[in-house]
Amino acid sequence: MHRRDFVQLSLASLAASALPSSLESAEIPKLRELARSKGLFFGTAVSDSQLHRADFTPLLLDQCSILVAENQMKWRATHPEQDRFDFTQADFFMDFAESHHLLARGHNLCWHEYNPAWLDAAITPQNAVSLLTTHIQTVVTRYKGRVHSWDVVNEAIDPTHKNPQGLRNSLWLQNIGEDYVELAFRTAAKADPAALLTYNDYDIETDSPAQQAKREAVLAMLQRFVKKGVPIQALGVQSHLRTNEGVPTWKGLSKFLLEVEKLNLQVYVTELDVDDQFMPADIPERDRQVAEIYRSYLDSVLRHNSVKAVLTWCLSDRDSWLQNFRPRKDALPQRPLPFDAQLNPKPAFFALRDALSSKP
């Protein structure tokens, strides 16, 4: 089955599945249904602990049609020792998604971060190809036919590192060379020909010069891959948004997405949230500003027919990575997501609803 046929079949299957239980009659709009009416998927990243919380899963099932593993499928979780794989968390994630008729995204197969300590110690130019291909073959084969899409390579581009083709100076580039990205995609495609294969990156959204330069390098890589017949079907635009450079605008992103569409690639908004550390402490005003960025951004990107899915990086503020990785200087909790820590919808939720409703 062709990958794009699989997407359409998946949409039809989701439409036919039973609605999830306890929040079914609630007045809160269901983002998954609004998205589906526009031919889109709406979903979120989830951690292992979130899937064990009885108060959270009804909301998750009510709002989402697609899930992505936050950390459960990364190298550190699945490959803790050089000669041992551990799929405990990844299996639980997959079983949860399948038992509730949700699509699953795999994240990720090749990254410069969140790797086990043994990898840095063991990798050499002589064994790097074997380490990468064995990992990808093992993980992808285990979930063959079950994963909707894989983030095959994550964040390989960083023009500030001054390498050829704008590549990040990662352990993979150092030990394999420039072909490692192509190698990863070809290995994943061989292991599961039905999965949609995605390149995923961040800081390619705004009109800042640095993000424009990164977009250009990403586009050049995608163009090379399509010309060479590398099996890539989608681009993931992470969409971790922030206001430290002023109110962001998206003209360059819009032009970029038009060029991506010419390559016949799908686009996923894969990790949407808004870092509010540069916003006022006042919660109503902060929530208003966060919502305005959601609305402005989604109104722009959803004009493009190549965009097929919107996923937030977690659903509730209490689970956001930003709380620990980018804390506010005033020590107040960040409020970057559609639902607050008590799982109540915020202005960002309604901005999402409005953007999905108004998509052409």
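The notes that follow are grouped by topic.

This is a predicted model, in which local features need pLDDT of at least 70 and side-chain atom pairs count only at pLDDT 80 or more, while totals for chains, interfaces and linings use all residues. Residues are numbered from 1 along each chain as its sequence is written, and side-chain values use heavy atoms, with hydrogens and water left out.

**Helix pair**
- The axes (lines fitted to C-alpha atoms, for helices over the stretch in contact, with angles from 0 to 180 degrees between N-to-C directions) of helix H12 (residues 283–301) and helix H14 (residues 347–358) come within 8 Å and cross at roughly 20 degrees.
- H12 and H14 are therefore roughly parallel to each other, a term that covers angles under 35 degrees.
- Helices here are DSSP runs of H or I with at least four residues, and strands are runs of E with at least two, numbered from the N terminus.
- Contact means heavy atoms within 4.5 Å, and among the residues of H12 that meet H14 are Val290, Tyr294 and Leu298, with Phe350, Leu352 and Ala355 among their counterparts in H14.

**Backbone**
- The peptide bond from His107 to Asn108 is cis, with omega near -10 degrees, and Asn108 belongs to strand E3 (residues 103–110).
- Gln165, in the loop between strand E4 (149–154) and helix H8 (171–175), has a positive phi near 65 degrees although the residue is not glycine.
- Most residues other than glycine have a negative phi, and most peptide bonds are trans.

Definitions and conventions:
Angles under 35 degrees count as roughly parallel, over 145 as roughly antiparallel, 65 to 115 as roughly perpendicular and the rest as oblique.
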